[in-house]
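Welcome! Please take a look at the sequence and the model below, and then we can go through the fold and one of its pockets together.

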Amino acid sequence: MIDKKWDKRFLEVATLVASWSKDRSTQVGAVVVGSKKEIRAMGYNGFPRGVNDDIDERHERPVKYDFTEHAERNAIYNACYTGVSLDNCTIYVTHVPCSDCARAIIQSGIKRVVVKGDNQLRASWQTSSEIAAAMFKETNVELDAV
């Protein structure tokens with residue numbers, strides 16, 4: 001039985017984590033949670049560790065796409081960095097994952113994705129998010145909007 005109260009709570013945590021992003025246009029947060037409601041990993045969209053994010057030019061499109069890692073993958077990488085398994089976990093994300101993040105989610109063993117139901121998807125990400133949803137369906141990764 002899925003407890004929507006906990007889904008909302010962990011989406012609130014993901015929203016807090018998103019606020020740590022220095023991205024000037026979109027802040028995204030992700031929290032990975034285990035079966036006992038324990039937080040296993042968190043991530044937000046931003047530059048890799050040690051890469052200078054105070055250089056203005058790096059925040060301009062299209063260059064920023066080469067410097068920025070997405071929140072979902074950052075959470076997965078943070079779990080790897082600390083040796084934490086994400087098998088059978090749930091990831092809570094403030095925005096619908098793109099196809100690149102969907103592949104990482106699937107490969108890491110995450111079995112459920114929960115997104116905020118009221119987020120506005122940028123038109124440029126529509127196709128990528130549709131591909132992500134198709135991959136989730138084919139691999140039995142549950143996708144819920146709360």
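## Contacts along the chain

Two residues are in contact here when they have heavy atoms within 4.5 Å of each other. By that rule, 63% of the protein's contacts with a separation of 6 or more join residues 24 or more positions apart. Do keep in mind that this is a predicted model.

## Fold and overall shape

How many helices and strands does the protein have? There are five helices and five strands, and along the sequence they follow the pattern α-β-β-α-α-β-α-β-α-β.

The C-alpha trace spans about 45 × 35 × 25 Å along its principal axes. A compact globule with 146 residues would have a radius of gyration near 15 Å, and the protein agrees with this, because its own value is 15 Å.

## Surface and interior

Of the 146 residues in the protein, 40% are buried. The protein exposes about 8400 Å², and carbon and sulfur atoms supply 52% of that area.

## The second largest pocket

Now to the second largest pocket, which holds about 430 Å³ of space. Its lining consists of 24 residues, and the closest to the pocket centre are Y44, N45, G46, F47 and N74. The elements that give two or more residues to this lining are β2 (39-44) and α3 (71-82).

What is the make-up of the lining in nonpolar, polar and charged residues? The lining of the second largest pocket has six nonpolar, nine polar and nine charged residues.

Terms used
Residues numbered from 1 in each chain as written. Predicted model: local features only at pLDDT ≥ 70, side-chain atom pairs only at ≥ 80, totals over all residues. Heavy atoms only, no water. 1 Å grid on protein atoms, 1.4 Å probe; cavity = no way out; pocket = protein on both sides within 12 Å on 5 of 7 lines; lining within 4 Å. Points joined across faces, edges and corners; volume = space filled by probe spheres on them. Helix = DSSP H or I, 4+ residues; strand = E, 2+ residues; numbered from the N terminus. Nonpolar A, V, L, I, M, F, W, Y, C, P; charged D, E, K, R; others polar. Rg over C-alpha atoms; globule rule 2.2 N^0.38 Å. Buried < 20%, exposed > 50% of the residue type's maximum accessible area, 1.4 Å probe, protein only. Areas by Shrake-Rupley, 256 points an atom, 1.4 Å probe, with all protein chains shown as cover.
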